[in-house]
Amino acid sequence: MTSPPSATAATAVPTDAHTAALDASAARAADSSSADYLVGRGVADVTGEVAEAGMMGYADLGQVSSGLHMRQHARAFVIADPDSGERVVHVLADAGMIFQSVRDAVLAKLEQRYGDTYTERNVMLTATHTHAAPGGFSHHTLYNVTTLGYHGKTFRALVDGIVSSIERADSDLAPAQLSLSTSELTNANVNRSKTAFDRNPEADKAHFPNGVDTRSTTLQVRRDGELDGVINWFPVHATSMSTNNTLVSPDNKGYAEYAWERLEHGVDHVADSEDPDFVASFAQTNSGDMSPNLNLRPSDGPTTDEFENTRIIGTRTYDAARSGLDDDRPLTGGVDSRIVYVNMANTDVRSEFTPDGKPHKTCQAALGASFAAGSTEDGGGGLPIFKEGKDGGNPAVGLISEALYTASPALRACQGSKEILLPVGALDMVQQKLPLQLVRIGDFYVVGIPAEVTVVSGLRIRQAVAEAVGTDTDHVLVQGYANAYAHYLTTPEEYDAKEYEGASTLFGRYELPAFMQTASDLGAAMRTGVEVPLGQKEGDRSATQFPALQGSVVADAPPIGKSYGDVLTAPSATYRPGQQVSVTFAGAHPNNNLHHGGSYLSVERKVTTASGATKWERVADDSDWSTKLHWSRYGVAASKVRITWDVPEDTEPGSYRVRYFGDARSLLGATKSISGTSPAFAVVD
């Protein structure tokens, strides 16, 4: 058997051919009385550097990738109104965040291919917020500290994969019906900042008994009555995997996607990459204070095993989305979108959006002392000398803050009681001109916020938009982690609690009212059909990035006396379902080739064809939950690659083998494909 194929770049389509294809799709929609939209779906590989790359999310210098559990993907949905020609795009990437660097590069590539079809206004890029994926793809320095610089290969993987997913969704446009369903999920998240939540008014807290948002919302895509795609929104951090995990994984959201696509529909992302039968996005909403660690300790709840926690929370999320499918309401009407870039470092907030009914201002970004403590419930790179709460448990920070506030009363008025640890705005370390986006699909509104939004903050944004557009609050949803990243968004009341989330609300006590004001203005503009100026964006920083030495490969070499692909540790002769197969190969550095659209490994079963011949058939690869690839450096240039396969309970008895696919780099920079095959082993009842 040859190495699994890698995805090839989509061929550019001339503008007139693209227009003709859209016209043909519109004609088909006109012939289908039950199809109100054209919808396309696409999936593409965005897996970054799986070895020696700092991971994004926990800010832990020790969390450096050492292999792969499951591949990262981007899932795109293009939704078009065949009457007006308007369209919107929703992309969910299995990544920690979307940074402005990624958004700008994606939009530039889309413009090259499609002209003004996909633009700032109608493209929404979002992330699952997995904390088990490589980082280093921001152009703002704060986020590349723990990755020891900029990782261009991971950046390009994310950008190219997102673009490819949109290209595939565009090619997939076909008449479809859309509907919206909701269900309740009560055992998959917990409020990790209840002290701060409890400071909110009773009217707000009444929406969230026990401080938890249990609403699961699913956008359904049906063609000829058959469900062939969903976008689900449920608020829970993708932190079931702890900071101790160094295998790349899409975490609990990724498992939910895997369960619906692979386990239920048999989607094979190697063989079906261009046209999957089913696409399931599990997106975030206001999950800023929602943790999957139900016992409020890292990797604790429902079990103390992080992989099992990931599977259980992912399964519950998937089950909740599935359970609500039949109780749906159809969406009809057009699609629309608005976006604006706002300088959050200097926004005047009108009195109708502030708790005290007085005008206020935002100010330059600053991180508070409790930021350095990290989220104690989910873990991370917190410093032991800091704790959540007043002055981060470190009185020296309070003294520094007082000096800053004495020098600048305006700073005190904006940042309020925050003990400032790091003035990241003044140091130009974070993005301050931020995008806020509003998308309408029928009477369903999605507000794209570039931050981690707490549940009450999300409620207030939804209420502001609902009032502006003239709809019910339940018809408005907040999409967090959208288009850029600006840390947390808490209510003014939560901000004063000085927990991790409040200390990470960059632009002061009135940041949420500023976002509410902007969202309301976008809603009013959409309701009246008024276009909105884009606003001023931050400049391109791509030329000033410092490349990370982390993960770079000078040359590979096999262990002394061995060849690439040799089996260093062979499997046992026999296994039963539930046991783990383990094979170690003489390999090479996996960052030489990220194997997009393919796989670093396969588990294969010997089968007999109708003609009586035998062949090896792939039954699992590195997109499967059951496999893991562990990489380790051996000596100076050699690599050991250990592949494990947890034999599923429903595995058929028979003869199996494990294969490894890699690429070795010579001292002159050339790479060659390498592979290895284990001895066969039996799986028995």
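**View 1. Phenylalanine 585 and tyrosine 660, a buried ring pair in a predicted model**. Both residues are buried (under 20% relative accessible area, 1.4 Å probe, protein chains only). Their aromatic pair is stacked, at 5.7 Å centre to centre and 25° between the planes. Rings of Phe, Tyr and Trp (its six-membered ring) pair if their centres lie within 6.5 Å, and planes under 30 degrees apart count as stacked. Phenylalanine 585 lies in strand 26 (residues 580–587) and tyrosine 660 in strand 31 (residues 654–665), 75 residues apart. Strands are DSSP runs (E, at least two residues), numbered from the N terminus.

Local features need pLDDT of at least 70, side-chain atom pairs count only at pLDDT 80 or more, and totals for chains, interfaces and linings use all residues. Residues are numbered from 1 along each chain as its sequence is written, and side-chain values use heavy atoms, without hydrogens or water.

**View 2. Tyrosine 656 stacked with phenylalanine 681**. The centres are 6.4 Å apart, with 20° between the planes. Tyrosine 656 sits in strand 31 and phenylalanine 681 in strand 33 (residues 681–683), so the pair ties together parts 25 residues apart in sequence. Tyrosine 656 is buried at 2% relative accessibility. Phenylalanine 681 is buried, also with a relative accessible area of 2%.

**View 3. A charge over the ring of phenylalanine 307**. The charged end of lysine 628 lies 4.7 Å from the ring centre. The cut-offs are NZ of Lys or CZ of Arg within 6 Å of the ring centre and within 35 degrees of the ring normal.

**View 4. A cluster of rings**. Ring pairs link Phe99, Phe137, Tyr143 and Tyr485.

Note on methods: Rings of Phe, Tyr and Trp (its six-membered ring) pair if their centres lie within 6.5 Å; planes under 30 degrees apart count as stacked, over 60 as edge-to-face and the rest as tilted. Helices (H or I, at least four residues) and strands (E, at least two) are DSSP runs, numbered from the N terminus. Buried means under 20% relative accessible area, exposed over 50%, partly exposed in between (1.4 Å probe, protein chains only).
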